[in-house]
Amino acid sequence: ARHGARALGGITSSRCTNEETFLVQKLVRAGFGNNNVDTCARVCHSPTGYGLKTTFGTSAGTQDFDSVMQSDVILVMGANPTDAHPVFASRMKRRLRPKNGRPGAKLIVIDPRRIDLVRSPHIEAAHHLALTPGTNVAVLTAMAHVIVTEGLCDEAFVRERCDWDEFQDWARFVGEARHSPEALEPVTRVPASEVRAASRLYATGGNAAIYYGLGVTEHSQGSSTVMAIANLAMATGNIGRPGVGVNPLRGQN
């Protein structure tokens, strides 16, 4: 009565069924009398669709979830798997724990929050890059700077599987001094030493997989961050076999 019908709206979760989402939009349009209706599925991973299609040619994640059991290094960015993706998180935790004499995978967490995976029973992240919110691209560019300037790229993989000319353009760009962890530390608030250590672990620690969530994609820089993640995987050869890849965690609870 005070603000009018346009003051109302509705939004549904990607975990809702099609029928539930249909009922909400019908309620808003027919009941409220406006078109203020949306679902998080539209915005939550549209940057994934654009970013991965641009870099890989397809908008899908590159591995299945069983693949994590072959990982040696797991990088989790902008996601809280134990809360939002508990079934997958339990599988990831199995790989992070030592078992039958096999060492657990090393974990890198890039998130402003101290999520449960940073430290919980039998699990502790090797590196927690607690970045300032909104500096995702800066942190990934600093990691790429380390990998390029320290010669940690998999040149044979890039020459065989990627666009060599574009790689050289990218390497020149991220290799500039202004993109070093030290230069970007005042922006990201992540100690340069931690960025360097995490970058070396990701590039040299064996099979390295990246898992990311809405903390990456629900940003104005979401597509750029997805492309930066894909570039890290390609530059280090961490794509195209079990235990590696670029893996969006979609459909949060």
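Modeller: Helices here are DSSP runs of at least four residues and strands are runs of at least two, each numbered from the N terminus. Counted that way, the secondary structure of the protein comes to 12 helices and nine strands. Please keep in mind throughout that this is a predicted model.

Biologist: How are two packed helices described?

Modeller: They are described by the angle between their axes and the distance between the axes.

Biologist: Why are H6 and H9 called roughly antiparallel?

Modeller: Helix H6, residues 136–149, and helix H9, residues 181–188, pack at an angle of about 165 degrees, with their axes 10 Å apart. Angles over 145 degrees count as roughly antiparallel, and H6 and H9 are therefore given that description. On the H6 side the contact is made by Ala-138, Val-139, Ala-142, His-145 and Val-146, and on the H9 side by Pro-181, Leu-184 and Thr-188. By class, these residues divide into six nonpolar, two polar and no charged. As for handedness, H6 passes H9 in a left-handed crossing.

Biologist: What makes H6 roughly perpendicular to H8?

Modeller: H6 and H8 pack at an angle of about 105 degrees, and their axes are 8 Å apart. The range for roughly perpendicular runs from 65 to 115 degrees, so the angle of about 105 degrees makes H6 roughly perpendicular to H8. In this contact Thr-141, Ala-144, His-145 and Val-148 of H6 meet Trp-170, Ala-171 and Val-174 of H8, and the residues comprise five nonpolar, two polar and no charged.

Biologist: Why are H3 and H12 called oblique to each other?

Modeller: The axes of helix H3, residues 46–56, and helix H12, residues 222–235, come within 8 Å and cross at roughly 40 degrees. Roughly parallel needs an angle under 35 degrees, roughly perpendicular needs 65 to 115, roughly antiparallel needs one over 145, and the rest count as oblique. H3 and H12 are therefore oblique to each other, and their crossing is right-handed. The H3 residues in the contact include Pro-47, Tyr-50 and Phe-56, which meet H12 residues including Val-226, Met-227 and Met-234. The classes in this contact are eight nonpolar, seven polar and no charged residues.

Biologist: How do you know that Ala-171 is buried?

Modeller: Its relative accessible area is 14%, and buried means under 20%, so Ala-171 counts as buried. Ala-171 is found in helix H8, residues 164–174. Ala-171 and Ala-235 are 64 residues apart in sequence, while their C-alpha atoms are 9.1 Å apart in space.

Biologist: What makes Cys-44 buried?

Modeller: The relative accessible area of Cys-44 is 5%, and with the limit for buried set at under 20%, Cys-44 is therefore buried. Cys-44 is found in helix H2, residues 40–44. Leaving aside residues up to four places away in sequence, Cys-44 touches Leu-214, Thr-217 and Glu-218. Cys-44 and Gly-215 are 171 residues apart in sequence but 9.4 Å apart in space, C-alpha to C-alpha.

Biologist: Why does His-122 count as exposed?

Modeller: Exposed means over 50% relative accessible area, and His-122 stands at 67%, so His-122 counts as exposed. His-122 lies in the loop between strand S5, 119–120, and strand S6, 123–124. His-122 also has a positive phi of about 70 degrees, although it is not a glycine.

Biologist: How do you know that Arg-189 is exposed?

Modeller: The relative accessibility of Arg-189 is 61%, and the cut-off for exposed is over 50%, so Arg-189 counts as exposed. Arg-189 sits in the loop between H9 and helix H10, 192–204. The phi of Arg-189 is near 65 degrees, a positive value in a residue other than glycine.

Conventions
Residues numbered from 1 in each chain as written. Predicted model: local features only at pLDDT ≥ 70, side-chain atom pairs only at ≥ 80, totals over all residues. Heavy atoms only, no water. Axes fitted to C-alpha atoms, helices over the stretch in contact; angles between N-to-C directions. Left-handed = near helix turned anticlockwise from the far one by under 90°. Contact = heavy atoms within 4.5 Å. Nonpolar A, V, L, I, M, F, W, Y, C, P; charged D, E, K, R; others polar. Buried < 20%, exposed > 50% of the residue type's maximum accessible area, 1.4 Å probe, protein only.
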